[in-house]
Amino acid sequence: MRPQPSILHLDLDAFFAAVEQRDKPSLRGKPVVVGGLGPRGVVATASYEARAFGVRSAMRMAEARARCPHAAFLSPRFTIYRRTSRAVMAALRELSPVVEPLSLDEAYVDLTAGTIGDLSPSAVESLARDLKRTVRRVTGGLTASIGVGTSKLIAKIASDLRKPDGLLVVTPGAETELLSPMPVSVIPGVGPATAERLRRMGVHTVGDLGRVGEEELVRALGKAHGQALARLACAGDDRPVVAEREAKSISVEDTFDHDIADPALLGVVIERLASRVCERLARERLSGRTVTVKVRLYDFTTHTRSATLAGPTDDDRVITRLARRLLSEVDTSAGVRLLGVGVSGLADWVQEDLFGALVDETDADAEHADAEHSETERVTSGPVQTGPRWVPGADVIHRRYGAGWVWGSGLGRVTVRFETATTGPGPVRTFASDDPELAPYSPLTPHSPLARTDPPPAG
DNA sequence: TCTGGGGTCCTAGGACCC
DNA sequence: TCTGGGGTCCTAGGACCC
């Protein structure tokens, strides 16, 4: 908890629907529902006019249509939303460089990181008023709700309280009084399951929660959740605003209009999904080590199967083959409702020019071709400038460094074949991946492994 | 016509290593 | 050969968020 109300939370009101009303004047003042229009679609965002009829986010589209038949039902246009979102995030960064987007329509700002001198409640309130005007201007008329307080929790709850087009600055010291009468479900992280558990413990409000000991919460909800909740209950929240968080996974999934049981068709679908994931990996210049297949069956039960490669890849063939194998481990004969493919364990390096032919013929390949996940065999290489970061102790595969190293690895060991343009392929050696002998050749080691042209000692 | 799509974080058990 | 503790990695599932 900070001494001043320096954490700002901004939330664009009914964002997707508001953008549609901005771009189509005939929709202004009318109920608008944005979401999936197929037989299994759900509502992403409803305009406030549609909410008056009981339409809510995550509601089945069929029910939304029943409640509000005269609404406009639209498919989301993410490209447009992203563009509008970028304009808002840029406006926030004018206030302070420390901006943490939570989604396209929401972000935290740490005002202490900016150039604002006066962070008194009244000064912050007038700053927030200006910000709302700025948002209106850069978005072409969208409204935002803003909450400001001494912590993320307070700022977020404050922005919710005055929606839409709201503004609330919670003065330091007033936090507990504000929170205690509120239902526990206002705390982000307390969803239906946690709320029900707490209800059975006799906990209904944040005030009730504050009277329960941390030990009891940990016993009921697990260590991390229990401890976090115990702290939040007394408004003790010092979580920092974190700008530029890196993605941890990338995934793509599709719910089918009708369940699919045909294995051949499922095979085609999984390949398409894998290709889409690979396109995104390539676009974002990432590779990943772990491939996960998600299967939602006809009865909504959901299963995942995952496997981890010896090293990161963005190779469509490798990921597709693995995805197919993982799918085959699930009984899909009764019908599949949703299929998804994801990649995690991301590394920020890129596949550039292939010299797969060279790599494929090395002894390094033969040496671990029988490793558990031989899918990594064909993973490729790149020029030094965009090469992988080699982290000692981590696995790296088939990479060329400097004048010509090829690195291979499998499951905790690194197989290295050294070669240069003049001497050709050298001997193959296998090291434990954290072998200090390799350290001088790591790109992380100062004074340039990349500049070295002499091979490490041949074993 | 029950229940989207893209994420994050946590837990728990087992493997494996020292 | 047995026992055991700690750490890390992997996998599957679940809660939760927008």
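Me: What strands does helix H13 (residues 316–327) lie across, and what is the angle at which it runs to S11?
Reply: In this predicted model, helix H13 lies across S10, S11 and S12, running at about 150° to S11. Helices (H or I, at least four residues) and strands (E, at least two) are DSSP runs, numbered from the N terminus, and contact means heavy atoms within 4.5 Å. The angle is taken between N-to-C directions, on a scale from 0 to 180 degrees, with axes fitted to C-alpha atoms and, for helices, over the stretch in contact. Helix H12 (residues 263–283) lies across S9, S10, S11 and S12, at about 155° to S9.

Me: How are the residues and chains numbered, and what limits apply to the values?
Reply: Residues are numbered from 1 along each chain as its sequence is written, while chains are lettered from A and ligands numbered from 1 in the order in which they are written. Because the model is predicted, local features need pLDDT of at least 70 and side-chain atom pairs count only at pLDDT 80 or more, whereas totals for chains, interfaces and linings use all residues, and side-chain values use heavy atoms, with hydrogens and water left out.

Me: What makes S10 (residues 287–297) and S12 (residues 336–347) a pair?
Reply: Two strands pair if DSSP finds at least two bridges between them; S10 and S12 have 10 bridges, in the antiparallel sense, and therefore meet the definition. Within this pairing, Val293 stands opposite Val341 in S12.

Me: Why is one side of S9 (249–260) left without a neighbour in the sheet?
Reply: The open sheet of 4 strands has the order S9-S12-S10-S11, with antiparallel pairing. S9 and S11 (302–313) stand at the edges with a single partner strand each, so one side of each has no neighbour in the sheet.

Me: What is the strand order of the open sheet of 5 strands, and which are its edge strands?
Reply: The order is S5-S6-S1-S7-S8, with mixed pairing, and the edge strands are S5 and S8 (167–169), each of which pairs on one side only. The twist averages 15° from one strand to the next. Strands S5 (residues 99–103) and S6 (residues 106–110) run antiparallel and are joined by 4 bridges, while a hairpin of 2 residues connects S5 to S6.

Me: Which residues touch the most other members of the largest nonpolar core?
Reply: A nonpolar core is a set of buried Ala, Val, Leu, Ile, Met, Phe, Trp, Tyr and Cys residues joined through side-chain atoms within 4.5 Å, where buried means under 20% relative accessible area, exposed over 50% and partly exposed in between (1.4 Å probe, protein chains only). Of the 35 residues in this core, Leu8, Leu10, Leu92, Leu111, Leu131 and Ile146 touch the most other members. Its largest share, 6 residues, comes from helix H4 (residues 78–95).

Me: What makes the pair formed by Arg280 and DNA strand B a polar contact?
Reply: A polar contact is a pair of N or O atoms within 3.5 Å; within protein, one must be able to donate a hydrogen and the other to accept it, and residues adjacent in sequence count only if both atoms are side-chain atoms. A polar side-chain atom of Arg280 lies 2.3 Å from a phosphate oxygen of DNA strand B, and therefore the pair falls within the limit. A polar backbone atom of Ser251 is 2.7 Å from a phosphate oxygen of DNA strand B.
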